[in-house]
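Take a look around first, then we'll go through it topic by topic.

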Amino acid sequence: MAHNFNPLPAAGDILWCKFPHDEDLGNPGPYPRPGLVLNVFTDLHAVLITYGTSQIGKIYDGEFVIDDQLDTAGLGVPTKFDLNRLQKLPFNDVWFHSSSGVTVTIPLPKMGIIPPTFMPVMRAAWMKRPAKK
């Protein structure tokens, strides 16, 4: 049985999330990865979260990298967030996990927050997302 984390996180929080694979959207991914909360749904006890990866490579439209102020973000390495890959997920221990070595634990499993200097970078990436077909 799933255990809900309380309180809910806030938009801008970075969490450890078992983000689902494209081919298996109804099930948690195999391991936690960083995810950036974009919206919170109190009535559903859920969050809208975007996919994060340390595999940066090329930066496509709708993507941005947090590569500075990593302590604020709770990230150990520069991380790319893909605003084209969003999921609304229940905020519980099936989808979210705490990370060893991370001391910010309320709400569990919070890693950190998006550094304020990256808000304009995120907004610009959001505006450049490809149109949905």
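Which backbone oxygen lies 2.4 Å from a polar atom of the side chain of threonine 50? The backbone oxygen of aspartate 82 does. Keep in mind that this is a predicted model, where local features need pLDDT of at least 70, side-chain atom pairs count only at pLDDT 80 or more, and totals for chains, interfaces and linings use all residues. Residues are numbered from 1 along each chain as its sequence is written, and side-chain values use heavy atoms, with hydrogens and water left out.

**The overall layout**

- The chain has two helices and six strands, where helices (H or I, at least four residues) and strands (E, at least two) are DSSP runs, numbered from the N terminus.
- Walk along the sequence and you get the pattern β-β-β-β-α-β-β-α.
- With a radius of gyration of 14 Å, close to the 14 Å that the globule rule gives for 133 residues, the chain is as compact as a globular protein of that length. That radius is taken over C-alpha atoms, and the rule is 2.2 Å times the number of residues to the power 0.38.
- The C-alpha trace spans about 40 × 35 × 25 Å along its principal axes.
- Of the 133 residues, 43% are buried; buried means under 20% relative accessible area, exposed means over 50%, and partly exposed is in between (1.4 Å probe, protein chains only).
- Among contacts (heavy atoms within 4.5 Å) with a separation of 6 or more, 65% come from residues 24 or more positions apart.

**Back to threonine 50**

- You'll find threonine 50 in strand S3, residues 46-53, and its relative accessible area is 0%, so it counts as buried.
- Its side chain also reaches the backbone oxygen of arginine 85, at 3.3 Å. A polar contact is a pair of N or O atoms within 3.5 Å; within protein, one must be able to donate a hydrogen and the other to accept it, and residues adjacent in sequence count only if both atoms are side-chain atoms.

**The nonpolar cores**

- A nonpolar core is a set of buried Ala, Val, Leu, Ile, Met, Phe, Trp, Tyr and Cys residues joined through side-chain atoms within 4.5 Å.
- The largest one has 15 residues, and those touching the most other members are Ile14, Leu36, Phe64, Ile66, Leu75, Phe81 and Ile114.
- Strands S1 (13-17), S4 (63-66) and S5 (79-90), plus helices H1 (70-73) and H2 (119-127), each supply at least two residues of this core.
- Another core, of 13 residues, lies apart from it, with Phe19, Val47, Tyr51 and Trp95 among its members.
- Isoleucine 114 is in contact with Gly12, Ile14, Leu36, Phe64, Ile66, Met119 and Met122, leaving aside neighbours within four places in sequence.

**Rings and charges**

- Phe5, Phe91 and Phe96 are linked into a cluster by ring pairs. Rings of Phe, Tyr and Trp (its six-membered ring) pair if their centres lie within 6.5 Å; planes under 30 degrees apart count as stacked, over 60 as edge-to-face and the rest as tilted.
- By this rule there are four aromatic pairs.
- The charged end of arginine 85 sits over the ring of tyrosine 51, 3.8 Å from its centre. To count, NZ of Lys or CZ of Arg must be within 6 Å of the ring centre and within 35 degrees of the ring normal.
- Arginine 129 lies over the face of tryptophan 126, 3.5 Å from the ring centre.

- A cis peptide bond joins asparagine 6 and proline 7, with omega about -5°; proline 7 is in the segment before S1.
- Histidine 45 isn't a glycine, but its phi is positive, near 50°. Histidine 45 lies in the loop between strand S2 (33-41) and S3, and is buried at 15% relative accessible area.
- Glutamine 69 also has a positive phi, near 55°. Glutamine 69 is in the loop between S4 and H1 and counts as partly exposed, at 31% relative accessibility.
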